[in-house]
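Please open the model in your viewer and keep the selection tool at hand. The tour below moves from one stop to the next, telling you what to select and what is there.

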Amino acid sequence: MRNKLCIPFLLCMLCMLFMLQLSGCTDSETEYEYQLYYINKAGNQLVPEGYNAYSKEAYSLVGEFLDALASQPVSKDVLTPGFDIMRVIGYSDITQEGYVTVNFSMDYNNLPDIKEILCRAAIVKTLCQIDGVNGVKFEVESEPIKNSAGEDFGYMSDETFVDNMRGETAYKQTISVSLYFANNSGRKLVKLPVNVTFDGTISLEQLVVQQLINGPQDIDNVNQNVQATLPNKTIINQITVREQICYIDLSIDFLTALPGISREAALYSVVNSLVELPEINKVQFSIDGDVIRYYGDSQIVFDVPLERNLEIVKE
């Protein structure tokens, strides 16, 4: 009796396996109704994951998508867009014009500038797939989020953000940073608040150092009489941030002193500018992959993480 029962069962299983082989379905060929947008581990572009929703009504889909984005992504190679830091307090009804407002916890304000841009892009692009949703507005504890100029972002749509799936284009955002250049004497530093355009193709710390290399003449509306501190042939080989220390590897050109600029002013123009960024407390230098004892021909110790030096800043 047992053998007779096993034969049809085995035949059934063989048929099922045969049908699966005929279907030839793979994950890459599976068609999904929607895409959820996450952030790649490099933190510079969005990565879509296919998603089939169980909700049908637009308002319910908003909640389902937000819950899904806050959950662990299927792929281990992507990161949830900001929900490791913040949470959703609630979201509004969809207006007749197709607008919805999402209210986040105060932790939203702790998102670093780069991550905030990508998180906003990921959430907006995900929600705007819903039929009937034309724009999304962000609030923090019921207060609208603002840009660096203090203006409300308002309702954002899919078109607000340029696709950056291949890292070829970007989500452009104007960000206020502080750069330190040399004063007239070349021995002190002057702090300059500068608006830079972050486009997601490089990190913000690389953007800051590159602007120092380019010099103040590359910045619009700089009225103060300041000087470049770094040789313009300097190349950023690599720059990373780990445990609030920025590790930066520069070409040997960095060791060349500019005429009239003190060694201390040149070095701390980089350190002070980087430490102004929220996730950096110290800076560790290397030159073409090697950590060296002293900075150029000076006696400034160069092989340890350096902290901000405010004594060299001119009031």
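Begin by selecting arginine 263 and tyrosine 295: arginine 263 lies over the face of tyrosine 295, at 5.0 Å from the ring centre, where a charge sits over a ring if NZ of Lys or CZ of Arg is within 6 Å of the ring centre and within 35 degrees of the ring normal. This is a predicted model, in which local features need pLDDT of at least 70 and side-chain atom pairs count only at pLDDT 80 or more, while totals for chains, interfaces and linings use all residues. When you type a selection, remember that residues are numbered from 1 along each chain as its sequence is written, and that side-chain values use heavy atoms, with hydrogens and water left out.

For another charge placed over a ring, select lysine 137 and tyrosine 155, where lysine 137 lies over the ring face at 5.8 Å from the ring centre.

Rings of Phe, Tyr and Trp (its six-membered ring) pair if their centres lie within 6.5 Å, and planes under 30 degrees apart count as stacked, over 60 as edge-to-face and the rest as tilted. How many aromatic pairs does a search of the whole structure find? The search finds 12. One of them joins phenylalanine 104 and phenylalanine 138, a tilted pair with 4.9 Å from centre to centre and 55° between the planes. This pair links distant parts of the chain, with phenylalanine 104 in strand E5 (residues 99-104) and phenylalanine 138 in strand E6 (residues 135-140), 34 residues apart. The labels follow DSSP runs, numbered from the N terminus, with helices (H or I) of at least four residues and strands (E) of at least two. Phenylalanine 104 and phenylalanine 138 are both buried; buried means under 20% relative accessible area, exposed over 50%, and partly exposed in between, with a 1.4 Å probe and protein chains only.

Next, select serine 262, which is placed in the loop between strand E11 (245-250) and helix H5 (263-275). Is serine 262 buried or exposed? It counts as buried, because its relative accessibility is 17%. Leaving aside residues up to four places away in sequence, serine 262 touches Gly186 and Arg187, contact meaning heavy atoms within 4.5 Å. The side chain of serine 262 also reaches the backbone nitrogen of alanine 265 at 3.0 Å.

The last stop concerns salt bridges, in which a side-chain nitrogen of Lys or Arg is within 4 Å of a carboxyl oxygen of Asp or Glu; by this rule the count comes to 7. Select lysine 115 and aspartate 84, whose side chains meet in a salt bridge at 2.9 Å, N to O. Lysine 115 is in helix H3 (residues 113-127) and aspartate 84 in the loop between strand E3 (78-79) and strand E4 (88-91), 31 residues apart.

Then select Lys191, Glu276 and Arg308, which are linked in a network of salt bridges. Between lysine 191 and glutamate 276, the closest N and O atoms are 3.4 Å apart. Lysine 191 lies in strand E9 (residues 189-198) and glutamate 276 in the loop between H5 and strand E12 (282-287), so this pair ties together parts that are 85 residues apart in sequence. The side chains of arginine 308 and glutamate 276 meet at 3.5 Å, N to O.

Key
A polar contact is a pair of N or O atoms within 3.5 Å; within protein, one must be able to donate a hydrogen and the other to accept it, and residues adjacent in sequence count only if both atoms are side-chain atoms.
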